Amino acid sequence: MSAQKKRNFQIEAFKHRVVVDPKYAEKTWKILEHAIHEIYNHNASGLSFEELYRNAYNMVLHKFGEKLYSGLVSTMTSHLKEIAESIEAAQGDLFLEELNRKWADHNKALQMIRDILMYMDRTFIPSTRKTPVHELGLNLWRDNIIHSSNIQSRLHDTLLELVQRERTGEVIDRGLMRNVIKMLMDLGSSVYQEDFEKPFLEVSADFYRGESQQFIESCDCGDFLKKAERRLNEEIERVTHYLDSKSEAKITNVVETEMIKCHMQTLVHMDNSGLVNMIVDDKYEDLGRMYSLFRRVHNGLSIIKDVMTSHIRDTGKQLVTDPERLKDPVDFVQRLLDEKDKHDKIISLAFSNDKTFQNALNSSFEYFINLNPRSPEYISLFVDDKLRKGLKGVSEEDVEMVLDKVMMLFRYLQEKDVFEKYYKQHLAKRLLPGKTISDDAERSLIVKLKTECGYQFTSKLEGMFTDMKTSQDTMKGFYASLGPDVTDHPQLTVQVLTTGSWPSQSSATCNLPSEILGICEKFRMYYLGTHTGRRLSWQTNMGYADIKATFGKGQKHELNVSTYQMCILMLFNSADRLSYREIEQATEIPILDLKRSLQSLACAKGRNVLGKEPMTKEVGEDDAFFFNDKFSCKLYKVKIGTVVAQKESEPEKQETRQRVEEDRKPQIEAAIVRIMKSRRVLDHNNIVTEVTKQLQSRFLPNPVLIKKRIESLIEREFLERDKVDRKLYRYLA
């Protein structure tokens, strides 16, 4: 089949000549113009909107859109000029009411006009890029009403005056204000900003600048903050009632700047009512208000933090350096805890647990606690006091709370190894005489220390508990070995302590009374017979005894005393009167311990089983002592405690410090070797930095000490200096 030839078809419009009446456009416009007048004159009820729409439609269809549009502009403009005159004629408070009423009328009229001219709005206006009817109506209102020379400034002044009146406590018509402000916003953001917001912010800044200056001169800090907070809330409320929501940030910024930012330094340092006074007087509400207001301002919280930090450091420094407050270690630590609790409560209740303030508080405490080199000892003494008697009868939860507080102070210590030394000594003095209130509490604290510092820190402390348990089993075996002879000797209880686990003690022993030497020797023979390769050394300074004494008129008592006190009292079985020198020679008790023991026996009121001449509070080397036949006490069992110097004496302190320094040497050397083994080559400054970083959880090593340990390792050929750069060290495998 042959392909058919394709034909192109074209459909043309039916050619019919439409003849339009030359006066059609004019006549139609007159109808529409009359309708617009009627709408503005509130006579729209008699209009046929369908007919009017058709007329407007035909005008646009017959290319008379331009005439329709320009006629609309001129008609609306003339009506708006009449409206402007009506608004201008309104007096006083009626001005805004008239403006609001006319604006509502204009909007209704505009809606009707837009409905009539909808076809023009959809076709003619987009094609000619003209302004749509509704927008045109707003623009004409803006130009002829709002920007009218007689209305613009008056409107601006009236609105600002109403705001001012409201600020001074008057009640204004917020609904009217909201409508007028909404009108400005509907006319475009630039109209709202230029005709109201900008002057509103300027006037507000002037108002609050003056008011804040007046307040700062007449109010204390707390009252000023209340007024500032109230003003801020008022402005936020004002925005919600009749301003643009975008104005909130701007007006609150004005209030914050004028009432807070400009006066921050004055407020925090205000005499008798500033930040420090609020902290001292626990004014949580005022502090919370200051925090919430200052946080709104750049650098505001930094100012509070700096002043608070300075105050805490000054207070803490006074506390840890005041000789009077250092006399009682337990009271000293309790004051530290009270101070911490006080500031924790402030940060919790007033500062929303702000991490910045918590960190500032921690750094401040770490700063001043370590100003006192005896802080580790005092914290250990505090624990000792609590675990001996201070927590007796206290619930388990409260015990844990106290221990947690102790751990919090412990974390601040830079010399944790010094605390460990003292803690070990004090723990020994609790465990050996059985003076601890709770083994569970003791173990709980050790678990906390272990969690904080690792197994190495607490391994010896745990060994002390192991020794106590092992000693109980040993004593059972010893008395079983004695058989029927057990009643022939004084009852003896021995705790066998592993040398490395317990605090190192001086090897000096006193002369024990002959009455107990026999049973002591039997125990020594039993123990060495059951354990090979061990050596026993009696630590008489750590023991205690129960002895029976008969006083005048046959009055009998059982005295609980230390081993040293027992040795002294037993001398008076064969002598009525002894001089200090004679007692010293007979017992060979170290001088310091001898004086403490005699002081307890002769000077303690109600416990003076010995008499002393001369009768002074201190024991002198020329004193004489005699058995106090007149001693009496209501109780059968009388506990005579040793007058213990809670704090170490200066020589003891030096000795402890020396032991700590000795213990640090191998730790520093081990750290150096670990670092050099992994790095192989390192310069001096980096070694010091790395060693400090590794050991800071236990103590802060002195760079001089690190240098000495490096020298020692070089001598022992663990390290060598680089031949070219003398500050460079090499590890020798």
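This report walks through a predicted model of one protein chain, from its overall shape down to single residues.

## Ground rules

Residue numbers start from 1 along each chain as its sequence is written, and side-chain values use heavy atoms, with hydrogens and water left out. Since the model is predicted, local features need pLDDT of at least 70 and side-chain atom pairs count only at pLDDT 80 or more, while totals for chains, interfaces and linings use all residues.

## The whole chain

Let's start with the big picture. The chain has 29 helices and nine strands; helices (H or I, at least four residues) and strands (E, at least two) are DSSP runs, numbered from the N terminus. The radius of gyration comes to 48 Å, well over the 27 Å that the globule rule gives for 733 residues, so the chain is more spread out than a compact globule. That radius is taken over C-alpha atoms, and the globule rule is 2.2 Å times the number of residues to the power 0.38. Along the principal axes, the C-alpha atoms fill a box of roughly 155 × 90 × 60 Å.

How much of the chain is buried? Buried residues make up 44% of the 733, where buried means under 20% relative accessible area, exposed over 50%, and partly exposed in between (1.4 Å probe, protein chains only). The chain exposes about 39700 Å², and carbon and sulfur atoms supply 49% of that; these areas come from the Shrake-Rupley method with a 1.4 Å probe, and for residues only the protein chains shown count as cover. Of the contacts (heavy atoms within 4.5 Å) with a separation of 6 or more, 70% are between residues 24 or more positions apart.

In soluble globular proteins, nonpolar side chains tend to be buried together. A nonpolar core here is a set of buried Ala, Val, Leu, Ile, Met, Phe, Trp, Tyr and Cys residues joined through side-chain atoms within 4.5 Å. The largest one has 81 residues, and M290, F294, F351, L409, Y423 and L449 touch the most other members. Helix α19 (residues 396-412) gives the most to this core, with eight residues. A second, separate core has 64 residues, including L68, I146, V180 and M183.

Leaving aside residues up to four places away in sequence, F294 touches L225, I260, M264, L267, V268, G300, L301 and I304.

## A look at helix α19

The 17 residues of α19 should span 24 Å at 1.5 Å a residue, and the end C-alpha atoms are 25 Å apart, which agrees. The expected span is 1.5 Å times one less than the number of residues. Which residues of α19 are buried? They are V399, L403, V406, M407, M408, L409, F410 and Y412. These buried residues pack against α16 (329-349), α17 (355-369), α18 (375-390), α20 (416-431), α21 (439-453) and α22 (455-482).

## A buried serine

S204 sits in helix α9 (residues 189-218) and counts as buried, at 0% relative accessibility. Its side chain joins that of R167 through a polar contact of 2.6 Å. A polar contact is a pair of N or O atoms within 3.5 Å; within protein, one must be able to donate a hydrogen and the other to accept it, and residues adjacent in sequence count only if both atoms are side-chain atoms. A polar atom of the S204 side chain also lies 2.7 Å from the backbone oxygen of F200. Not counting residues up to four places away in sequence, S204 touches R167, I251 and V254.

H34, in helix α1 (residues 24-40), is partly exposed at 46% relative accessibility. H34 and R596 are 562 residues apart in sequence and 120 Å apart in space, C-alpha to C-alpha.

R679 belongs to helix α27 (residues 650-679) and is partly exposed too, at 39%. The side chains of R679 and E690 make a polar contact of 3.0 Å.

Most residues other than glycine have a negative phi, and most peptide bonds are trans. Between E613 and P614, though, the peptide bond is cis, with omega about -5 degrees. P614 is in the loop between β4 (610-613) and β5 (624-627).

S352 has a positive phi, near 55 degrees; it lies in the loop between α16 and α17 and is exposed at 54%. E588 also has a positive phi, about 55 degrees. Its place is the loop between α25 (580-587) and α26 (591-603), and E588 is partly exposed at 48%.
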